[in-house]
Amino acid sequence: MQPTPPPAGHRHETPAAHREWSTRHSVQATARRTAALVNVLVGDAPSADVVAEVLREHGEDGAIELSADDLAELRSAALRLREVFAADGTDRAAETLNRLLRSTAGTLRLTSHNGASPWHPHLDGADDAPWGEWFLASSCLSLLVQLWIHQRPPGGVCASPACRNVYLTLGSGPPRRYCSRRCATRERVAAYRRARG
């Protein structure tokens, strides 16, 4: 189950509290959380503490208790979401997202978590949906919006054979190939050494 978001949306909260909550739970923030969780869940089997820490880093508050079943469901969702990042081109990314959206448990709905947050969309079956269902549904929704807005895949898989993490493509600019400057630099140095050697 996902934790209840912070009480920033109660009708007596200030507009600044609404903005702060909305920033932490925006489409881009959710997409960033998706990439971070895919990267931690697809690698070696992470502990519940490691996954909970990533969730906290991306705005989830309160007690985060993850069972072995929760971790297995989150990992399964991460493997499926990784296909969106690995898709070759916009059409393939859209097809993959459409397939994943058909498998989500809920229909698009608005929730305020009983007044604990501003109204926002969910695709999972209920506010207390299992972690894996919540992760897949919320991630599909954020990646869908990213593809819709930018008309290109929402991200990719790092071209460095030593890395293979997923990354987001936010904003404009030339297509990315690497998840970070560090990976790009490492590959440039390796190519330079091969060329000289």
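Which helix holds both Trp-131 and Trp-134, and how many residues apart are they? Both residues lie in helix H6 (residues 131-150), three residues apart, about one turn of the helix. The model is a predicted one, in which local features need pLDDT of at least 70 and side-chain atom pairs count only at pLDDT 80 or more, while totals for chains, interfaces and linings use all residues. Residues are numbered from 1 along each chain as its sequence is written, and side-chain values use heavy atoms, with hydrogens and water left out.

**Overall architecture**

The protein has seven helices and four strands; helices (H or I, at least four residues) and strands (E, at least two) are DSSP runs, numbered from the N terminus. Along the sequence the pattern reads α-α-α-α-α-β-β-α-β-β-α. Of the 197 residues, 43% are buried, where buried means under 20% relative accessible area, exposed over 50% and partly exposed in between (1.4 Å probe, protein chains only). Among contacts with a separation of 6 or more, 54% are between residues 24 or more positions apart; a contact means heavy atoms within 4.5 Å.

Beyond its neighbours within four places in sequence, Leu-66 contacts several residues, including Val-51, Leu-74 and Trp-131.

Trp-131 and Trp-134 are both buried. Rings of Phe, Tyr and Trp (its six-membered ring) pair if their centres lie within 6.5 Å, with planes under 30 degrees apart counted as stacked, over 60 as edge-to-face and the rest as tilted. By this rule there is one aromatic pair. Trp-131 and Trp-134 form this edge-to-face pair, at 5.2 Å centre to centre and 85° between the planes.

Ser-139 is also found in helix H6, and counts as buried because its relative accessible area is 0%. Its side chain joins that of Thr-34 in a polar contact of 2.7 Å, a term for a pair of N or O atoms within 3.5 Å; within protein, one must be able to donate a hydrogen and the other to accept it, and residues adjacent in sequence count only if both atoms are side-chain atoms.

**Charged side chains**

The structure holds six salt bridges, each a side-chain nitrogen of Lys or Arg within 4 Å of a carboxyl oxygen of Asp or Glu. Three of these pairs are listed below.

| Salt bridge | Distance, N to O |
|---|---|
| Glu-83 and Arg-99 | 2.6 Å |
| Arg-92 and Glu-95 | 3.5 Å |
| Asp-127 and Arg-109 | 3.0 Å |

Asp-127, in the loop between E2 and H6, and Arg-109, in strand E1 (residues 109-111), are 18 residues apart and link distant parts of the chain. Arg-92 and Glu-95 both lie in helix H5, three residues apart.

Arg-109, Asp-124 and Asp-127 are linked in a network of salt bridges. Asp-124 is found in the loop between strand E2 (120-122) and H6. Asp-124 is buried, with a relative accessible area of 2%, whereas Arg-109 is partly exposed at 21% relative accessibility. The side chain of Asp-124 makes polar contacts with the side chains of Arg-109 (2.8 Å) and His-122 (2.9 Å).
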